[in-house]
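Load the model in a viewer and keep a selection panel open. The stops below are given in the order in which to select them.

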Amino acid sequence: MKVTKADIVISAVSPKQYPTGILPEIALAGRSNVGKSSFINKIINRKNLARTSSKPGKTQTLNFYIINDFFHFVDVPGYGYAKVSKKEREKWGSMMEEYFTERANLKMAALIVDIRHEPTKDDIRMYDFLKFHDLPVMVVATKLDKIPKSKRAKHIKRVRDTLNMDETDKVIPFSAETAEGKDDAWRLIESFIR
Ligand code: GDP
């Protein structure tokens, strides 16, 4: 998809703030600092629409972006910061539950992981959470530029095996540095929002 228009619609903290209407949505999840904002910015050709690295302590919000007046990306707050308080974690959890339980517009989720490392316990928990909500999941294995070509297949297999992924779900190796994987990501996204 050629992105000609991309804007933030709202940073929502509760369902009554979600955009009304029937535009399809793609949710984006990932561990803090994994490269989620870089992924979003790269595939929509914007330098800094999605803020990179929101630090803990900041208000955690669901950020709705409207793309080409055609669909929404929903950037959900990152997880896995060790220092987040129990209260903040609970708030994050109920916000996720509210969104993923009731949102009919949601067609698919992208889970961003780091291709260099074995997916963490939190990554596994997130994949299982998304599958619990019956969503197709595209796993974006980012920072592809940081591993040698000879190791790609092995790392991709480790991601798939550690997350115990459904066969129908795909892993997209990706780099925000080189834009490798961008076309594959778009093809998959488009197949869910048509
Ligand atoms: P977020 O917290 O998940 O939104 O992560 P960011 O997008 O802010 O990225 C965290 C750090 O990883 C930043 O320093 C990025 O420049 C870097 N980064 C993100 N994606 C890539 C990538 O594909 N390749 C490389 N080499 N660095 C990346």
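Select α1 and colour its buried residues: Lys36, Ser37, Phe39, Ile40, Lys42 and Ile43. A residue is called buried if 20 or more other C-beta atoms lie within 10 Å of its own, exposed if 12 or fewer, and partly exposed in between, with C-beta atoms placed from the backbone. Helices (H or I, at least four residues) and strands (E, at least two) are DSSP runs, numbered from the N terminus. Because 6 of the 8 residues of α1 are buried, the helix is largely enclosed by the rest of the structure. Its buried residues pack against β2, β4, β5, β6 (137-142) and α5 (182-193). Just after α1, Asn45 has a positive phi of about 60°.

This is a predicted model, in which local features need pLDDT of at least 70 and side-chain atom pairs count only at pLDDT 80 or more, while totals for chains, interfaces and linings use all residues. Residues are numbered from 1 along each chain as its sequence is written.

Next, select β2, residues 25-30. Are its two faces covered or open? Both are covered: Glu25, Ala27 and Ala29 are buried on one side, and Ile26, Leu28 and Gly30 on the other. In a regular strand the side chains alternate between the two faces of the sheet. With 6 of its 6 residues buried, β2 is therefore largely enclosed by the rest of the structure.

Strand β4 (residues 71-75) runs parallel to β2 and is joined to it by 4 bridges. Within this pair, Ile26 stands opposite Phe73. Strand β5 (residues 106-114) also pairs with β2 in the parallel sense, over 6 bridges. There, Ala29 has Leu111 as its bridge partner.

Move to Val34, in the loop between β2 and α1 (36-43). Val34 counts as buried because it has 24 C-beta neighbours inside 10 Å. Beyond its neighbours within four places in sequence, Val34 is in contact (C-beta atoms, placed from the backbone, within 7 Å) with Ile112, Val113, Asp114 and Thr142. Val34 and Ile112 are 78 residues apart along the chain, and their C-alpha atoms are separated by 7.0 Å.

Then show the largest nonpolar core, which has 44 residues. Such a core is a set of buried Ala, Val, Leu, Ile, Met, Phe, Trp, Tyr and Cys residues joined through C-beta atoms within 7 Å. Leu28, Leu111, Val139, Val140 and Ala141 have the most contacts inside it. Strand β5 gives the most to this core, with 6 residues. Centre on Val140: leaving aside neighbours within four places in sequence, Val140 is in contact with Phe39, Ala110, Ile112, Ile172, Phe174 and Ala185.

For another loop, select Glu118, between β5 and α3 (121-132). With 14 C-beta neighbours inside 10 Å, Glu118 counts as partly exposed. Not counting residues up to four places away in sequence, Glu118 touches Arg158 and Thr162. Asp161 is 43 residues from Glu118 in sequence and 9.5 Å from it, C-alpha to C-alpha.

Finally, zoom out to the whole chain, with 5 helices and 7 strands. From the N terminus on, the order is β-β-α-β-β-α-β-α-β-α-β-α. Buried residues make up 35% of the 194 residues. Along its principal axes the C-alpha trace spans about 50 × 40 × 30 Å.

Conventions:
Pairing = 2+ DSSP bridges. Contact = placed C-beta atoms within 7 Å.
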